[in-house]
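Have a look at it first, then read the points in order.

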Amino acid sequence: MDFLHALLLAAHLIGLSLLVGTFFVQMRAKSGFSFAILLTGASIQLVSGVALYGLAMAGDEEPNHMKLGIKGIIALVVFVAALVGFLRQRAIRAEKASLKAGGAVSVADVELPERRLKTLFHIAGGLAVLNLLIAVFWG
Ligand code: HEM
């Protein structure tokens, strides 16, 4: 049980690093957001978090259900924002590639649509930071 707990917590901290690290590295960027890394981090957080919750339920002390429920909802929003950003970015890039193949695209055209992904990137990254603060400051 101790080893499993340590393993899940390690995964939880790796997922956290992927989310928060990527967010801080790219928070001033206008394009080229690494949604694949955000998506990986968000998936790890959901799976390891729910497993840690399960372990806590099996233990002697009652876990803080309110705190974990709120963290769960926030983590779900992080996941959805990362997923939608990932899919939209892929569609934009596929469209750009086909336009380029036709020989009719300038650098401005290439960068402009990706700027619209910034909101999704900041929702995912910002809420991941919020979840970190909730985990640490809410007893
Ligand atoms: C973006 C998503 C998330 C972030 C950034 C995050 C962050 C953290 C951090 C920094 C810790 C270590 C501090 C502490 O022990 O209080 C932690 C622990 C924990 N998290 Fe999360 N978390 C996320 C998602 C979730 C989800 C979805 C759940 C489950 C509903 C969850 C359940 C837990 C549990 C049970 C612990 C305690 C681990 C222990 O027993 O020491 N987390 N989380």
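How many helices and strands does the chain have?

1. The chain has 5 helices and 0 strands, where helices (H or I, at least four residues) and strands (E, at least two) are DSSP runs numbered from the N terminus. Read from the N terminus, the order of elements is α-α-α-α-α. With a radius of gyration of 18 Å, well over the 14 Å that the globule rule gives for 139 residues, the chain is more spread out than a compact globule. (That radius is taken over C-alpha atoms, and the globule rule is 2.2 Å times the number of residues to the power 0.38.) The C-alpha trace spans about 65 × 25 × 20 Å along its principal axes.

2. Please keep in mind that this is a predicted model: local features need pLDDT of at least 70, side-chain atom pairs count only at pLDDT 80 or more, and totals for chains, interfaces and linings use all residues. Residues are numbered from 1 along each chain as its sequence is written.

3. Now to the ligand. It is surrounded by 21 residues, and the closest are Gly49, Leu52, Gly72, Ala75 and Ala135; a residue counts as near if its C-beta atom, placed from the backbone, lies within 6 Å. Two or more residues of this shell come from each of α1 (2–26), α2 (35–58), α3 (65–101) and α5 (118–137). The largest share, 7 residues, is given by α2. By class, the shell has 15 nonpolar, 5 polar and 1 charged (Ala, Val, Leu, Ile, Met, Phe, Trp, Tyr, Cys and Pro are nonpolar, Asp, Glu, Lys and Arg charged, and the others, Gly among them, polar).

4. Next, see how α3 and α5 pack: their angle is about 160° and their axes are 8 Å apart. (Axes are lines fitted to C-alpha atoms, for helices over the stretch in contact, and angles run from 0 to 180 degrees between N-to-C directions.) The two helices α3 and α5 are therefore roughly antiparallel, a term for angles over 145 degrees. Residues in the contact include Ile74 and Ala75 of α3 and Leu127 and Ala135 of α5, contact being C-beta atoms, placed from the backbone, within 7 Å. This contact of α3 with α5 has 17 nonpolar, 2 polar and 2 charged residues.

5. Finally, α1 and α5 pack at about 125°, with axes 9 Å apart. The contact of α1 with α5 divides into 8 nonpolar, 2 polar and no charged residues.

Notes. Angles under 35 degrees count as roughly parallel, over 145 as roughly antiparallel, 65 to 115 as roughly perpendicular and the rest as oblique. Two residues are in contact if their C-beta atoms, placed from the backbone, lie within 7 Å.
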